Amino acid sequence: MGLKVFGFKGGVHPPHRKEGTQDKAVERMQAPKLVYIHLQQHTGAPCEPLVKPGDRVKLGQKIGQPKGFVGAPVHASVSGVVKEIKQMPHPAMGEGLAVIIENDGMDEPDESIIPRDMESMDAEELRNLILEAGIVGMGGAAFPTHVKLSPPKDKKIDLVILNGAECEPYLTADHRLMVENPQDIVEGLKVIMKVLGVERGYIAIEDNKPDAIRAMADAAKSVSGVEVVKLKTRYPQGAEKQLIYALTGRQVPSGGLPMDVGVVVNNVGTAAAIARAIKTGMPLIERIVTVTGGGVAQPKNLLVRIGTPFKDVIDACGGLVGQPAKVISGGPMMGIAQYTLDVPVIKGTSGILVLTKQEAETPEPGPCIRCGRCVEACPMGLMPLFISAYALKGDYDNSERLHAMDCIECGCCSYICPAKRPLVQSVRTAKRVITERRKRAAAN
Amino acid sequence: MEPLIVSSSPHVYSKDTTARIMLDVVLALLPAAAAGVYFFGGRAALIMVISVLSAVMTEAIVQKLMKKPVTISDWSAVVTGLMLAFNLPPTVPLWLPVVGSAIAIALVKQAFGGLGHNFMNPALAARAILLAAWPVYMTTWADPIRGAASGMASTNWSVSGATDAVSSATPLAILKGLEGTEEQLPPLWSIIVGGTRGCLGETSDLALLIGAAYLLWRRVISWRIPVSFIGTVALLTWILGPQGLFTGNAIYHIFSGGLMLGAFYMATDYSSSPVTPKGQIIMGIGCGIITSIIRLYGGYPEGVTYSILLMNVATPLIDRFTMPRIYGEVRADV
């Protein structure tokens, strides 16, 4: 671990709140009676359903086919009968079309499920397997992995980084995976490196997870070109651009992608999912979810079938304690507040956070006192106070001039603001408006 | 089930609040306030109390009149009131802090939009107005009741009123060799510990530095403005000495007058100083240059107030031209 680590500018230190689940081994949750499998589980276009109500489906059977290159198929996470295909609450998009399957409890695997051997497969076959297994980024953004693994010819990739920072408070899903299944992660990394033809791979972990660092270092010991790197614990260390800078000193150009600086970043969970998809032949039909917060009776790390409603997941953790005030899909810094517990787990659901009234306090904003804390905290070097002030006035041109589009929406500015101003929230609005305008301008 | 709260992330917030920051400034000012009372007696305490009360009341009245929420619980008016008192000689008539606080809060702060919108430090702007309107009251320096300077002039100054006070020189006036200041300079230690003539809050550098250390530790202020401000004054007053280059008494200069108070507490006022790290250093250097020029060549013995006010109005420009380089910035010229 002699690598020079650059760190990154800015950032904040929110309380970790990981004590509740960081030492709890992952438990397998029993598959629910009904699963709700969204046809859009990823960045990109939604899938076309391949089944219709009344069809019998088997475990791992493909039930949704992506329409474009940026997309990933979805699969049945139980065997049973398709009851309905209809609009359902979606944890990231409000609503979306979902395939509802009634579980017959048999877990009868589809005929297409055949274990494979990564050594005997070439890069093209591996990339295709990753696509067919429906693998997307497991860190939360759910970007289709095969797209990341298909850089254009002119982009020379020389480094793969596995992101095990897990810098969001409360979440421990990646942490437990690294402690319990480090071998899968290393194998997945080897596959990614093989697909990209890259010799060098880093597994980056924050120093508040010493047991994960030990386990990963042990598993990666004999693999050439792979190194486990310890990072200082600071939010948002796990943000892609900050992670790349911390490890290489390279900056992804504004508006560009990691591949522009020769790097591909994947979550440790994604790597493990790749390894398992190859070894077992089973596509991505389950994931580890950290279920925690003051509103949950027994916080746990659960291995959950995709499509399981939040309500069932929480019930598997002893149910609610009192009245929940806020339910978040993901972590408290970037996660999305849910309006109902009927929303199902998707591939990108890293955590279900149930906050009590006390934890979910939304403070009243006061006037900006120009203390400059947001400027100091912004890991992108932006000036959130000014971008936000313009955005709140509707002056999006000036928001854009001050680089609103470079905001990664990590939330450090809003977190640190002593006046509790809606900084990232208003920058987000500005970004949306600017994106719309650009689209319209491009269409004309 | 009650409806769930749906709001945009983040869902957790730091414990820091505006009120806590302002309270920290008040706490940091307490050692210097205590030193003021110790060296100048009960009248200093009286001026501070009057100044703070009038600042808070002005804020409440103005906000009531403008039908805005009354925000006196955020401690910011307390800070302004206390800062103003710190910038007054201990001999001023008791109505002066009332007028000063009203100017600071009503004119400089609320008229421009309240907290965070004042383009100058309210206490300093009020001080400058008082100095122009009542120059005699504002430059009548009395001997402290304790300390090195207490027996220096045969002043018969009492706690009960300002009328007994005579105009006597501050160390900076002596340093400058102003007319009628043939007195000896007080020893350096008394300047640092306190007990020389001057405004009631600036007398003890030691007390001010203790408070400044607290503010730095609490991260309410950063080192950038104070260090660049004081460093610039030290450098310039040393280089541009009275007997030619590099003969100046820099140590004496930085511990005299209102420099410590100005550099750590006034120039660092959030609303009227740059938010960019580079801009803060420019602010400090600019304050240092102007202070030194006024002290060495200007008509006044002290220049801290005017230097900060001048840099205050330059703040929007400084912020504009010192925008930090963003991550991954693609320069048009590259």
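Axes are lines fitted to C-alpha atoms, for helices over the stretch in contact, and angles run from 0 to 180 degrees between N-to-C directions. Helices (H or I, at least four residues) and strands (E, at least two) are DSSP runs, numbered from the N terminus. This is a predicted model, in which local features need pLDDT of at least 70 and side-chain atom pairs count only at pLDDT 80 or more, while totals for chains, interfaces and linings use all residues. Residues are numbered from 1 along each chain as its sequence is written, and chains are lettered from A and ligands numbered from 1 in the order in which they are written.

Start with a pair of helices. In chain A, helix α1 (residues 123–132) packs on helix α4 (residues 182–196) at an angle of about 125 degrees, and their axes are 8 Å apart. The crossing of α1(A) and α4(A) is left-handed; that is, the near helix is turned anticlockwise from the far one by less than a right angle, whereas clockwise would be right-handed. On the α1(A) side, the contact is made by A:Ala123, A:Leu126 and A:Arg127. From α4(A) come A:Val191, A:Lys194 and A:Val195. Contact here requires C-beta atoms, placed from the backbone, within 7 Å. By class, this contact has 4 nonpolar, no polar and 2 charged residues. Ala, Val, Leu, Ile, Met, Phe, Trp, Tyr, Cys and Pro count as nonpolar, Asp, Glu, Lys and Arg as charged, and the others, Gly among them, as polar.

Now the domains. Chain A is assigned domain 1 (27–113 + 283–359), domain 2 (128–280) and domain 3 (373–443); these bounds come from an automatic or database domain assignment. Between domain 1 and domain 3 of chain A, the C-alpha centres lie 31 Å apart.

Next come the sheets. One open sheet of chain A has 4 strands in the order β2-β8-β7-β4, with antiparallel pairing. Strands pair if DSSP finds at least two bridges between them. At the edges are β2 (34–38) and β4 (56–57) of chain A, each pairing on one side only. Strand β8 (residues 94–103) of chain A pairs with β2(A) over 5 antiparallel bridges. There, A:Tyr36 has A:Ile100 as its bridge partner. Strand β7 (residues 80–90) of chain A is joined to β8(A) by 10 bridges, also antiparallel. These two strands form a hairpin with 3 residues between them. A:Pro89 stands opposite A:Glu95 in β8(A).

Another open sheet of chain A has 4 strands, with parallel pairing, in the order β11-β10-β9-β12. Its edge strands are β11 (226–231) and β12 (263–267). The twist averages 25 degrees from one strand to the next. Strand β10 (residues 201–206) of chain A runs parallel to β11(A), joined by 6 bridges. A:Gly201 stands opposite A:Val226 in β11(A).

Finally, turn to the second chain. The contact takes 50 residues from chain A and 31 residues from chain B. On the chain A side, β15 (326–329), β16 (336–338), α12 (412–416) and α13 (423–443) each give two or more residues. That side divides into 30 nonpolar, 14 polar and 6 charged residues.

Note on methods: Contact = placed C-beta atoms within 7 Å.
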